[in-house]
Amino acid sequence: MATLADSFLADLDELSDNEDDILDEDNVDAENMEEDVDGDLADIESLNYDDLDSVSKLQKTQRYIDIMQKVEDALEKGSEVSNQGIVLEDDPEYQLIVDCNALSVDIENEIVIIHNFIRDKYRLKFPELESLVHHPIDYARVVKKIGNEMDLTLVDLEGLLPSAIIMVVSVTASTTSGKPLPEEVLQKTVEACDRALALDSAKKKVLDFVESRMGYIAPNLSAIVGSAVAAKLMGTAGGLSALAKMPACNVQLLGAKKKNLAGFSTATSQFRVGYLEQTEIFQSTPPSLRMRACRLLAAKSTLSARVDSIRGDSTGKTGRSLREEVRKKIEKWQEPPPAKQPKPLPVPDSEPKKKRGGRRLRKMKERYAVTDMRKLANRMQFGVPEESSLGDGLGEGYGMLGQAGSGKLRVSVGQSKLAAKVAKKFKEKNYGSSGATSGLTSSLAFTPVQGIELSNPQAHANQLGSGTQSTYFSEIGTFSKIKRT
């Protein structure tokens, strides 16, 4: 029977065998990886970036040649009405349009590759040009026009760029740190520019062909934005099906270019707008409403593209109704707001108001009534300047106060009826001391009207009548002594 130590040794042997197998597998994977890396490096080394043909290969492919030949033949024949009985996907002309859309996307990518090639070569001559001219075709035209010329005042760029950009390019070229290119590098750069321009003209042919067939392929989309814009939208999106699956916010950006204002104002520039700015509806809309109109156009274009993708309406009636809806909405936006109607006064209430009168209301009115002093301060005497708190007419004016001839600003305040009544009521009561003639009595009395006042303790006794009340219930009376006879 094997001991515990023997079982441990057996387990260690198995572990060592497994580690050897894992190490062997890792070594094999590392060798394969090294072979792959060596192969990739060999491919990269074999790719010569100085040769344009090794970078741009689209124009020499058989697919490009066949599609361009079919497009040229179709443009020479002109537009013919296709057989309406054939399913759209089975129509050869529709298949050619789908191939043209895919080819236009490939041409765009190829132009970007050639643009990078031109930038890498021409950066030694004019490194600031790529930050001033962003569009690849415009960049290729400018590079071909300038060439190796160092003085841009001798180069006419009119028609290639806007006048503001031309001025910035000329000023920047006068202070550039670039140097003239060698003749071989310049020749390759000009050849790349020619190839980019040739691809751009081929793309225009493809778009012209697609535009001529838009009335059959996408009648509703063409009714809203026009055949030219519809062809550009389809070509950029990659076909009618891809355009139908795209949200409206992305359709609005199709064909948008990065704009370089060269430090000028952005007030009149339209950002986040692509091919839709070329439509008739967009151009006829006031500038303040163009962004709203562009969003509305993108939404309706997406709906019409979805209708066209399922062949829902081949007559284009849906597109025309959507276009009319867009036009009415834009006209509604331009209407002035309705005039503000004058608000009539409320109908007077004929019922008596529920306001109570009486002593409480009279007291309140008397308490908040305007005093004579305030009445004089609110009045002004004609031809006599009023006195003020700060003098020379500054501060709070005193009105007619002090103009009575007394020279005082204080007027005598007449006692109100309420105050007189309260004073009379409290006078009737005795707020003094008792009528006893002891030494603790005081002549001072505390009243709510006058405060501390001097009173006669004997006055109250004189007001009492004579008779029984004065004899028996008098505060100063004494016991009578009767003499017996």
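The following is a conversation about a predicted model of one protein chain.

Colleague: To begin, how many helices and strands does the chain have?

Modeller: The chain has 21 helices and 2 strands. Please keep in mind that the model is predicted.

Colleague: What percentage of the residues count as buried?

Modeller: The chain has 485 residues, and 27% of them count as buried. Its accessible surface comes to about 33400 Å², and carbon and sulfur atoms account for 54% of that surface.

Colleague: And how far apart in sequence are the residues that touch?

Modeller: Consider the contacts between residues at least 6 apart in sequence: 59% of these join residues at least 24 apart.

Colleague: What is L129 in contact with, leaving aside its neighbours within four places in sequence?

Modeller: L129 is in contact with Y122, Y139, V142, V143 and V169.

Colleague: Is A305 buried or exposed?

Modeller: A305 counts as buried because its relative accessibility is 0%, and the cut-off for buried is under 20%. A305 is also 71 residues from M234 in sequence, while their C-alpha atoms are 9.4 Å apart in space.

Colleague: Which other residue lies in helix α15?

Modeller: S301 is one of the residues in this helix, which covers residues 290-309. S301 has a relative accessibility of 2%, so it counts as buried.

Colleague: S301 has a polar side chain. What does a polar atom of that side chain lie 2.6 Å from?

Modeller: It lies 2.6 Å from the backbone oxygen of L297. Beyond its neighbours within four places in sequence, S301 is in contact with L221, I224, V225 and L276.

Colleague: Which backbone oxygen does the side chain of T285 reach?

Modeller: The side chain of T285 reaches the backbone oxygen of I281, at 2.6 Å. T285 is found in the loop between α14 (280-283) and α15. With a relative accessible area of 3%, T285 is buried. Leaving aside neighbours within four places in sequence, T285 is in contact with R290, A293 and I330.

Colleague: A change of topic: how many aromatic pairs does the structure hold?

Modeller: The structure holds 0 aromatic pairs.

Colleague: What about the backbone of R311? What value is its phi near?

Modeller: Phi of R311 is near 55°, which is a positive value in a residue other than glycine. Most residues other than glycine have a negative phi. R311 lies in the loop between α15 and α16, the latter being residues 317-334.

Colleague: How accessible is R311, and what does R311 count as?

Modeller: Its relative accessible area is 30%, so R311 is partly exposed.

Colleague: Which helix is E191 found in?

Modeller: E191 is found in helix α8, residues 183-212. E191 counts as partly exposed because its relative accessibility is 39%. E191 and K144 are 47 residues apart along the chain, and their C-alpha atoms are separated by 9.0 Å.

Colleague: Finally, where is Y216, and is Y216 buried or exposed?

Modeller: Y216 has its place in helix α9, residues 214-217. Y216 is buried, with a relative accessible area of 14%. The C-alpha atoms of Y216 and T315 are separated by 9.0 Å, although the two residues are 99 apart along the chain.

Methods:
Residues are numbered from 1 along each chain as its sequence is written. This is a predicted model: local features need pLDDT of at least 70, side-chain atom pairs count only at pLDDT 80 or more; totals for chains, interfaces and linings use all residues. Side-chain values use heavy atoms; hydrogens and water are left out. Contact means heavy atoms within 4.5 Å. Rings of Phe, Tyr and Trp (its six-membered ring) pair if their centres lie within 6.5 Å; planes under 30 degrees apart count as stacked, over 60 as edge-to-face and the rest as tilted. Helices (H or I, at least four residues) and strands (E, at least two) are DSSP runs, numbered from the N terminus. Buried means under 20% relative accessible area, exposed over 50%, partly exposed in between (1.4 Å probe, protein chains only). A polar contact is a pair of N or O atoms within 3.5 Å; within protein, one must be able to donate a hydrogen and the other to accept it, and residues adjacent in sequence count only if both atoms are side-chain atoms. Accessible areas come from the Shrake-Rupley method with a 1.4 Å probe; for residues, only the protein chains shown count as cover.
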